[in-house]
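User: I'd like a walk-through of how to read this model. Could you take me through the features step by step, general idea included?

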Amino acid sequence: MLPVIALVGRPNVGKSTLFNRLTKSRDALVANYAGLTRDRKYGEAEINGRQVLLIDTGGITGDEEGIDAVMAQQSMQAIEEADVVLFLVDCRDGLTPADEMIAQHLRVRAKPTYLVANKVDGVNPDIALAPFYELGIGELFPTTATHGRGVRNLLERVSEAL
Ligand code: GDP
Ligand code: MG
């Protein structure tokens with residue numbers, strides 16, 4: 001079994017963008033991982049020469065009733081399966097209650113977690129990143145998933161935990 005890395009975070013923070021950047025194939029590889037639940041997307045990636053299994057969570061649209069609860073439930077299940085968690089937040093939106101909900105769960109689970117402050121393009125990092133330090137979650141990595149900025153630095157640190 002490969003090391004499992006879960007991408008968690010509320011909708012629209014950039015999880016799937018990062019997932020697609022890191023995985024060679026966009027196809028889920030669920031058949032090869034019978035022990036894993038099937039309502040999330042799995043893909044293999046190579047991180048500093050190590051094969052890993054990435055989990056992308058989400059796929060919820062923005063206007064469903066109870067969206068935060070469903071999102072949190074999906075995140076929690078992915079966190080259970082993961083060896084390492086990448087917790088994505090959105091620099092443009094700042095810290096939200098949904099972020100805090102996920103952070104609370106991560107603190108309880110105490111999994112190795114990397115806080116990914118995505119969409120750092122077009123914001124002033126000194127101002128935009130400040131609220132996220134309050135979460136007290138792991139190390140903070142500013143990224144632009146759409147262009148790959150900050151991603152290599154993040155992966156280097158992640159690979160040390162594998
Ligand atoms: P998910 O719901 O967390 O999976 O988020 P998606 O990966 O679907 O991204 C949501 C939207 O944010 C899409 O329109 C992406 O193109 C955009 N996005 C993702 N990463 C970045 C980024 O680093 N900067 C900017 N400006 N937009 C981004
Ligand atoms: Mg997505």
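Analyst: The secondary structure of the protein comes to six helices and six strands, where helices (H or I, at least four residues) and strands (E, at least two) are DSSP runs, numbered from the N terminus. This is a predicted model, in which local features need pLDDT of at least 70 and side-chain atom pairs count only at pLDDT 80 or more, while totals for chains, interfaces and linings use all residues. Residues are numbered from 1 along each chain as its sequence is written, and chains are lettered from A and ligands numbered from 1 in the order in which they are written.

User: In what order do the elements of the protein run from the N terminus on?

Analyst: The pattern is β-α-β-β-α-β-α-β-α-α-β-α.

User: How should I read the sheet, and what is the order of its strands?

Analyst: The general idea is that strands of a sheet pair through backbone hydrogen bonds, either parallel or antiparallel. Here two strands pair if DSSP finds at least two bridges between them. In this structure, six strands form an open sheet with mixed pairing, in the order β2-β3-β1-β4-β5-β6. The edge strands, each pairing on one side only, are β2 and β6 (139–142). From one strand to the next, the twist averages 25 degrees.

User: How many bridges join β1 to β4?

Analyst: Four, and the two strands run parallel. For one bridge you can look up yourself, take Val-8: its partner in β4 is Phe-87.

User: What about helices lying on the sheet? Which strands does α1 lie across?

Analyst: For angles, axes are lines fitted to C-alpha atoms, for helices over the stretch in contact, and the angles run from 0 to 180 degrees between N-to-C directions. α1 lies across β1, β2, β3 and β4, and runs at about 155 degrees to β3. α3 also packs on the sheet, touching β1, β4 and β5, with its direction at about 160 degrees to that of β4.

User: Now burial. Which residues of helix α1 are buried?

Analyst: The cut-offs first: a residue is buried if 20 or more other C-beta atoms lie within 10 Å of its own, exposed if 12 or fewer, and partly exposed in between, with C-beta atoms placed from the backbone. In helix α1 (residues 15–22), the buried ones are Lys-15, Thr-17, Leu-18, Phe-19 and Leu-22. Their cover includes β1 (4–8), β2 (41–47), β3 (50–56) and β4 (84–90). Over the 162 residues in the protein, buried residues make up 37%.

User: Why does Leu-7 count as buried?

Analyst: Leu-7 is found in strand β1, and it counts as buried because it has 28 C-beta neighbours inside 10 Å. Two residues are in contact if their C-beta atoms, placed from the backbone, lie within 7 Å. Leaving out residues up to four places away in sequence, Leu-7 touches Lys-15, Leu-18, Phe-19, Leu-54, Ile-55, Asp-56, Thr-57, Leu-86 and Leu-88.

User: And how many residues has the largest nonpolar core?

Analyst: In soluble globular proteins, nonpolar side chains tend to be buried together. A nonpolar core here is a set of buried Ala, Val, Leu, Ile, Met, Phe, Trp, Tyr and Cys residues joined through C-beta atoms within 7 Å. The largest one has 39 residues, and Ala-6, Leu-7, Leu-54, Leu-86, Phe-87 and Leu-115 have the most contacts inside it. Elements giving two or more residues to this core include α2 (67–81), α3 (97–109), β5 (113–118) and α6 (151–159). The most comes from β4, with five residues.

User: What surrounds ligand 1?

Analyst: A residue is near a molecule if its C-beta atom, placed from the backbone, lies within 6 Å of it. For ligand 1 the shell has 15 residues, the closest being Gly-14, Lys-15, Ser-16, Thr-17 and Ala-145. α1 gives the largest share, three residues. By class there are three nonpolar, nine polar and three charged residues; Ala, Val, Leu, Ile, Met, Phe, Trp, Tyr, Cys and Pro count as nonpolar, Asp, Glu, Lys and Arg as charged, and the others, Gly among them, as polar.
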